[in-house]
Amino acid sequence: MRKKHFVWLLATLVAFVVAWWVPQQEQSVHAAEQTYTFGTDTTFSPFAFTNKQNQSVGIDIDLLNAIAKREGFKIEWKQLGFDGAVQALQAKQIDAVAAGMSITDERKKTFLFSHPYYKSGTYMAVKDTSIKSLKDLKGKKVAVKTGTTAADYANSMKKKYGFSVVTFDSDDNMYQDVLTGNTVACFEDKPVMQYAIANGVKLKLASDFKEPDAGTYGFAFQKSEGELVKKVNAGLKALKANGQYAKIVAKYVGNGSQKSQAKQTAKQTESDRSFFGLLRANAGTLTSGLGKTLELTVVGIVCATIVGILVGLLGVLPNKFAQGAANTFIYVFRGLPLMVLALFIYTGVPTLIGTKVPAFIAGIITLTLNEGAYTAAFVKGGIKAVDVGQMEAARSLGLTWGKTMKRVVLPQGIRIMIPSFINQFIITLKDTSILSVIGLLELTQTGKIIVARNMEGFKIWTMVALIYVIIITLLTWLSNWVQKKVRA
């Protein structure tokens, strides 16, 4: 009887677990099906930027988070920068872009757009107030941000008014170029410029500049995301109807908001804006970026070392085909600029294979191929640096080629290669900074994010530079110590 009760109880328990577990799995799958990846900018205040907690905020972000909550889907945010986000959307790495993207006929050929959610004009800002209008720009240089309607406007006017255009990938670099006097003016979308000036950028709007016809912003989607566009449009319409849209916009660009931002900037004490004050405030963000840099460096150098040793050994095999393959690998991947290789792997390869490549994986593959080519070159060179007489003597004693390499040549070659391995580690550490182009939040990218938030470019980049110098100095000491041990 007890056995029957036990079996009945066990069966009931199993039935209960199954009844609970299956719906949970279905719900999980359903949720996963409704999670969309949105690429965004990290420096386009007030539409898309990053706060002190490394969270994406701004008009675009708040609007879409509210729409997603209302329409029943989830958003995974990817901080890629404007150019990176657009390229990732083209490569189908993400589902949509939310970064103050202007709706143009040219872009409509490639992407689907939501209904317009913001109307924006173009402003010209200057440091020198004697520059009042486009007529004053003759023979001078102006700064623009790549991909913006303001940049398109400046380029359309440069021949007529006789000025040249310098392009930057972020607003903070553009503003800094004007402040340092390299360019005399910059063009940017009206709300972006207003927000920057209200938050401490020491530029002024050109007094006699006539604002061109305003464009409109929209959220961009892959052509296959028609259903998602419908949800976003429905949610946007509802937010405008219930007043939530107006509240979100006013939070960032309303007159009260701008005055509040300006007062907040003015109230900040000198200690808060000092080097050490900024270091204390941003220590967590910088530490997080440094951690990602070290992670990329360690994983990258391990993979590059393995690939480099294999290719290097291939290059010294007594086989012309093997040597040709090794030489081709070294020639191609050592010759490609690292940024081009990173963008090709992250945005080009997915287009070919039809599968997403995560940014971290793309970064590791980039470092592996590029640094692996350099490693292969010095492995090959280290082996060839061993006196050829060593090989001939060992072979004359009856040793095979393989045993000669293992017991005679490689032990001597490794002593030659060790310093180069450590130097390559240092080079890899520095090369990780280029991977910010595919949205990896390593040390350089976190520096961009912080500067976009507080506009303290000189102080923040000094901090970033010092961190790199300290780490590279420690690695250099390690390299020198290893070389002394090897020579001893």
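This is a predicted model: local features need pLDDT of at least 70, side-chain atom pairs count only at pLDDT 80 or more; totals for chains, interfaces and linings use all residues.
# Notebook: cavities, a loop and a helix

I started with the largest cavity: 14 residues line it, and Phe 44, Phe 82, Gly 100, Gly 147 and Thr 148 are the ones nearest its centre.

**Entry 1, the cavity.** How much space lies in the largest cavity? I looked it up and got about 70 Å³. I also checked how many cavities of 30 Å³ or more turn up, and the count is three.

Next I wanted to know which element gives the most to the lining of the largest cavity. It is strand 6, residues 96–102, with four residues. Gly 100, one of the residues nearest the centre, has a number that falls within that strand's range.

Then I sorted the lining by type. Five of its residues are nonpolar, five are polar and four are charged. I had a look at the domains too: domain 1 (35–119 + 217–267) and domain 2 (122–214) each supply at least three residues to this lining.

I zoomed out here. The protein chain runs to 488 residues, and 48% of them are buried. I listed its elements and got 19 helices and 14 strands.

What share of the contacts with a separation of 6 or more comes from residues 24 or more positions apart? The answer is 75%. For the surface, I noted that the chain exposes about 24800 Å², with carbon and sulfur atoms supplying 61% of that.

Thr 110 sits in the loop that runs between helix 4 (105–108) and strand 7 (112–113). Is it buried, exposed or partly exposed? Its relative accessible area is 37%, and the cut-offs are under 20% for buried and over 50% for exposed, so Thr 110 counts as partly exposed.

I then checked its neighbours. Leaving out residues up to four places away in sequence, Thr 110 touches Gln 90 and Lys 223. I also looked at Ala 220, which is 110 residues from Thr 110 along the chain, and their C-alpha atoms are 9.5 Å apart.

**Entry 4, helix 7.** Last stop, residues 190–198. Which residues of helix 7 are buried? I wrote down Pro 191, Val 192, Met 193, Tyr 195, Ala 196 and Ala 198. A reminder for reading such a list: an α-helix has 3.6 residues a turn, so residues three or four places apart point the same way.

Just past the end of helix 7 I found Gly 200, which has a positive phi of about 110°.

Definitions and conventions: Residues are numbered from 1 along each chain as its sequence is written. Side-chain values use heavy atoms; hydrogens and water are left out. On a 1 Å grid over the protein atoms alone, a cavity is a set of points where a 1.4 Å probe fits but cannot get out, and a pocket is an open set with protein on both sides within 12 Å along at least five of seven lines; lining residues have an atom within 4 Å of a point. Grid points are joined across faces, edges and corners, and a volume is the space filled by probe spheres set on the points. Helices (H or I, at least four residues) and strands (E, at least two) are DSSP runs, numbered from the N terminus. Ala, Val, Leu, Ile, Met, Phe, Trp, Tyr, Cys and Pro count as nonpolar, Asp, Glu, Lys and Arg as charged, and the others, Gly among them, as polar. Domain bounds come from an automatic or database domain assignment. Buried means under 20% relative accessible area, exposed over 50%, partly exposed in between (1.4 Å probe, protein chains only). Contact means heavy atoms within 4.5 Å. Accessible areas come from the Shrake-Rupley method with a 1.4 Å probe; for residues, only the protein chains shown count as cover.
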